[in-house]
Amino acid sequence: MSRTVTVGISDLNVVKAPDILVTYALGSCVGICLYDNVRKIAGLSHIMLPDSQGFALTGNMGFKFANTALPILVQRMEQAGAMRTVLKAKIAGGAQMFAGKGNSSLANIGQRNVAAVKAALAHLRIPIIAEDTGKNYGRTLFLHAQDGTMLIKSVNRGEWTY
C-alpha cells in the first residue's frame, strides 16, 4: 500500500515506489519532480525563490532556492539509491500570481523561478521532459514514484497528467 508524503513550501523529499509525493500552493513557486525510472525513486522540491545570493543558509534555508535545493535533492536521491545519470525532470508552477506593472521583481517572480530551475537542472545535466509553468493560476502537484507520473490539479481548471 502506498503512502502520500507532503512536501511543504521551501521543502523537499524523496520516496520509493509505490509512494506518492504531493505539494500544494504552487503559485509563483516551482515544483521540481526528479525521477529514476529504473529504481523507481522519486524526488520533489518546492522552491520559493530563484537564487540564494545574499541570504544566510542556515538550517533548511537551502530548500527555498532553485540554485541550492536542486543539488540537495539530487544528493538525497543518490543516497536513496538513485543514479544521477538516469534522472529526468518534470516541472510545474511559476505562475504570475500578482498583477504588476512592467517587469517588477514581484510581478515576474514566477518567470524568474522557472528560469532559475531550468538553469540549475541544465547545470546538473538533468533533462526536463515535461513542463506545466506560467499562466496565472495555482496548482497542486502529485508525483507517483511507481511510474513517474506528474498529476496536476487546479481549482476550476481540472486535472491533467504528464
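Reading from the N terminus, the elements of the protein chain come in the order β-β-β-β-β-α-β-α-β-β-β-β. That makes 2 helices and 10 strands. The radius of gyration is 15 Å, close to the 15 Å that the globule rule gives for 162 residues, so the chain is as compact as a globular protein of that length. Please keep in mind that this is a predicted model.

Some overall numbers next. Along its principal axes, the C-alpha trace spans about 45 × 40 × 25 Å. Of the 162 residues, 48% count as buried. The accessible surface of the chain is about 8000 Å², and carbon and sulfur atoms hold 52% of that. As for contacts, take those with a separation of 6 or more: 61% of them are between residues 24 or more positions apart.

Now the sheet. In general, the strands of a sheet pair through backbone hydrogen bonds, and they can do so parallel or antiparallel. Here, 5 strands form an open sheet, and the order across it is 1-3-8-9-10. The pairing in this sheet is mixed. Which strands stand at the edges? They are strand 1, residues 4-6, and strand 10, residues 158-161. Each has a single partner strand, so one side of each is left without a neighbour in the sheet. On average, neighbouring strands of this sheet are turned by 20° against each other, with direction ignored.

Strand 1 is joined to strand 3, residues 20-26, by 3 bridges, and the two run parallel.

Last, a single residue, T133. You will find T133 in strand 7, which covers residues 128-133. Is T133 buried or exposed? Its relative accessibility is 19%, and the cut-off for buried is under 20%, so T133 counts as buried. What does its side chain meet? There is a polar contact of 2.7 Å between the side chains of T133 and E131. Then there are the partners from elsewhere in the sequence. Leaving aside neighbours within four places, T133 is in contact with I91, A92, G93, V114 and R139.

Note on methods
Residues are numbered from 1 along each chain as its sequence is written. This is a predicted model: local features need pLDDT of at least 70, side-chain atom pairs count only at pLDDT 80 or more; totals for chains, interfaces and linings use all residues. Side-chain values use heavy atoms; hydrogens and water are left out. Helices (H or I, at least four residues) and strands (E, at least two) are DSSP runs, numbered from the N terminus. Buried means under 20% relative accessible area, exposed over 50%, partly exposed in between (1.4 Å probe, protein chains only). A polar contact is a pair of N or O atoms within 3.5 Å; within protein, one must be able to donate a hydrogen and the other to accept it, and residues adjacent in sequence count only if both atoms are side-chain atoms. Contact means heavy atoms within 4.5 Å. Two strands pair if DSSP finds at least two bridges between them. Axes are lines fitted to C-alpha atoms, for helices over the stretch in contact, and angles run from 0 to 180 degrees between N-to-C directions. The radius of gyration is taken over C-alpha atoms; the globule rule is 2.2 Å times the number of residues to the power 0.38. Accessible areas come from the Shrake-Rupley method with a 1.4 Å probe; for residues, only the protein chains shown count as cover.
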